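Subject: Structure for your review

Dear colleague,

Please find below the structure that I am handing over to you. My notes on what was found in it follow directly after.

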Amino acid sequence: MPREGEIVTRDAVSTVGPDGEPQRTTRRFPRITRDTARPEGGGRAASGDAPAPARQWPMLTVAGTVGLGLLFTAFDVFRYGTLLIGVGLLLGGVLRWALPGVGMLAVRSRFTDLVTYGVLGVTIVLLAMMVQPDPKLEIPFLEDILHFTIR
């Protein structure tokens, strides 16, 4: 039994109202946001009745590609491993651009995700192609920058 002056509720209470009384609020996302909005592509990539891995296939594809690249790198196939990591990030950018719902692959807004995945992917691919010995790509001004900064 409740004591005198104690607030009694039957449902879960989310917040306290302006009058100090408990107020039940919904967990649904508001139509007009006043705070951080969830990313546009944050919905499921497959229907709700599909098993959890099928609903998150874009994220699992990118994570699997990057994981395979890390495994190659661990087994001393450094150039191909890092190339695979960069290609995995570029694949994430392509999936984020092409699909309306990418599940957990959507972290920020679509534009920010595209720029982040693209810049990181291109940078890692370029660095993987420039790794010594026998670089597949040489950029002449990088050696000058290196000599200038080390002096």
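Leu105 is in contact with Pro58, Met59, Val62, Gly92, Leu95, Arg96, Asp113 and Tyr117, once its neighbours within four places in sequence are left aside; contact here means heavy atoms within 4.5 Å. Leu105 also belongs to the largest nonpolar core, which has 7 residues in all, the others being Val62, Leu89, Leu95, Val102, Ala106 and Tyr117. A nonpolar core is a set of buried Ala, Val, Leu, Ile, Met, Phe, Trp, Tyr and Cys residues joined through side-chain atoms within 4.5 Å. Buried stands for under 20% relative accessible area, exposed for over 50%, and partly exposed for the range in between (1.4 Å probe, protein chains only).

Please note that this is a predicted model, in which local features need pLDDT of at least 70 and side-chain atom pairs count only at pLDDT 80 or more, while totals for chains, interfaces and linings use all residues. Residues are numbered from 1 along each chain as its sequence is written, and side-chain values use heavy atoms, with hydrogens and water left out.

As to the overall architecture, the protein has 5 helices and 2 strands, arranged along the sequence as β-β-α-α-α-α-α. Helices (H or I, at least four residues) and strands (E, at least two) are DSSP runs, numbered from the N terminus. Of the 151 residues, 21% count as buried. Among contacts between residues at least 6 apart in sequence, 50% join residues at least 24 apart. The protein exposes about 11,500 Å², of which carbon and sulfur atoms supply 62%; accessible areas come from the Shrake-Rupley method with a 1.4 Å probe, and for residues only the protein chains shown count as cover.

The charged pairs come next. The structure holds 3 salt bridges, each defined as a side-chain nitrogen of Lys or Arg within 4 Å of a carboxyl oxygen of Asp or Glu. Arg96 pairs with Asp113, with the closest N and O atoms 2.8 Å apart. Because Arg96 lies in helix 3 and Asp113 in helix 4 (residues 110–130), this pair ties together parts that are 17 residues apart in sequence. Arg96 and Asp113 are both buried, and the relative accessible area of Asp113 is 0%. Arg108 also forms a salt bridge with Asp113, at 3.1 Å between the closest N and O atoms; Arg108 is partly exposed, at 32%. Lys136 and Asp134 meet in a salt bridge at 3.0 Å, N to O. Lys136 is exposed at 53% relative accessibility, and Asp134 is exposed at 52%.

Which charged residue is buried yet has no salt bridge? That residue is Arg79, for which the nearest side chain of opposite charge, Asp134, is 5.3 Å away. Arg79 lies in helix 3 (residues 78–98). A polar atom of the Arg79 side chain lies 2.9 Å from the backbone oxygen of Pro133, and one lies 3.3 Å from the backbone oxygen of Ala128. Beyond its neighbours within four places in sequence, Arg79 is in contact with residues including Met129, Val131 and Lys136.

Finally, Gly93 is also placed in helix 3 and is buried, with a relative accessible area of 9%. Not counting residues up to four places away in sequence, Gly93 touches Leu114 and Tyr117.

Yours sincerely

Terms used: Lys and Arg count as positive and Asp and Glu as negative; His and the chain ends are not counted. A polar contact is a pair of N or O atoms within 3.5 Å; within protein, one must be able to donate a hydrogen and the other to accept it, and residues adjacent in sequence count only if both atoms are side-chain atoms.
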